[in-house]
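I wanted to know what sits around the gaps.

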Amino acid sequence: MPGIPLVDLAAQHDQVADEVAAGWAEVLKATAFVGGPQVAAFEAEFAEFCGVGHCVGVANGTDALELALRALGVGPRDECVLPANTFIATAEAVARAGARVVLADCDAETGLIDVDAVHAVTGPRTRAIVPVHLYGQTAPVEALPAGVPILEDAAQAQGARRDGVAAGGLGTIAATSFYPGKNLGAYGDAGAVVTRNRELAGKVRLLREHGSPRKYEHTELGFNSRLDTLQAVVLSAKLRRLADWNAARRVAAARYDALLSGLPGVRRPVVLPGNEPVWHLYVVRVDERDRVLEQLRAEGIGAGIHYPTPVHLTGAFAHLGYPRGAFPLAEKMADEILSLPLFPEITAAQQERVVDVLAEAI
Ligand SMILES: *Cc1c(COP(=O)(O)O)cnc(C)c1O
């Protein structure tokens, strides 16, 4: 059997190729590459998909996080609490907004932010809490400290639900990424902020466009962080299929669960009650992970690690002063986690092959 990639973007492109080509032809003909009806249409569609009133398209997920923080008024002298085990962008956005990054350890089973740990570090300076819906499963936002704005990092969770409510509508405001490998992926960088709050959405709209409510009027220091028209065309075409693709991911995750259930030495992902994950990643935990990963790759299996280094152990955030051992559960996770290939089009035969090679490695 040929190699099995971690994600297969070509299989996804095949399904939208005609629609994207037709939409792009219109954009090229109009030579209107920024803004336009395509961006407004996608924003309306994605807001509806998330069950919220407002969506503001931006240039990427990291900007989405930063603009959401700035809309919340986060700045110097503020603190924001986020999990130690996340993609670096969550921490970058807080630091770029000028606030102090305060980390919390994760739950030993799910890898989601540990709510007790959040309560322990939340204080009068905490201006926002940034839970991450890691691997496509929503964090237990309802158990986080009350009275502090919640910015959901929903980059991995487009379409995930918690007690029936979609990611993006669980907190005060949410940021998402349409990086190509995400469940809803653009053909380049793209992101969005979603919220039920009209005022916050208006603030993000202002910030993404040079702080400009009207052309050549600049009421505050802003950014250039817009969603390209060409990307909006891709995202609208893919959004129409996202529910089906997420359902296919669920089927594939259930198949891995079944295939792995008889395999001692592989700890399967744990789903919290009330959660409907969208399986951005299927992450197992194994001993001697690096050796197992090497063996999988040698056999052409595109396994990965998300993420090998917790935030506090990166060079970029060493200045926070957290020593090794500060977040033992996040550190243990980083040593054990292994992301198996998962994408909507993965076949049963491909998954069986992944599990065979994994079993052999273990
Ligand atoms: C992808 C991702 C981001 C950042 O998105 P970009 O579009 O790459 O800037 C932020 N947080 C998490 C959890 C992500 O997975």
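Before anything else, I noted that domain bounds here come from an automatic or database domain assignment. I also wrote down that a cavity is a set of grid points where a 1.4 Å probe fits but cannot get out. I kept in mind that this is a predicted model.

Entry 1, cavities. I looked up the count of cavities of 30 Å³ or more and got 4. The largest cavity holds about 180 Å³ of space. I found 19 residues lining the largest cavity, with Thr110, Tyr135, Pro269, Val270 and Val283 closest to its centre.

Which strand gives the largest share of the lining of the largest cavity? I found that β11 (residues 282-285) does, with 4 residues. By type, I got 13 nonpolar, 2 polar and 4 charged residues in the lining of this largest cavity. Domain 1 (9-237) and domain 2 (241-361) each put at least three residues into that lining.

I read off a volume of about 490 Å³ for the largest pocket. Its lining has 25 residues, and Phe87, Ser177, Tyr179, Lys182 and Tyr307 lie nearest the centre.

Next I checked the elements. I saw at least two lining residues of the largest pocket from each of α3 (61-71), α4 (88-96) and β8 (173-177). The one that gives the most is α3, with 3 residues.

Key: Residues numbered from 1 in each chain as written. Predicted model: local features only at pLDDT ≥ 70, side-chain atom pairs only at ≥ 80, totals over all residues. Heavy atoms only, no water. 1 Å grid on protein atoms, 1.4 Å probe; cavity = no way out; pocket = protein on both sides within 12 Å on 5 of 7 lines; lining within 4 Å. Points joined across faces, edges and corners; volume = space filled by probe spheres on them. Nonpolar A, V, L, I, M, F, W, Y, C, P; charged D, E, K, R; others polar.
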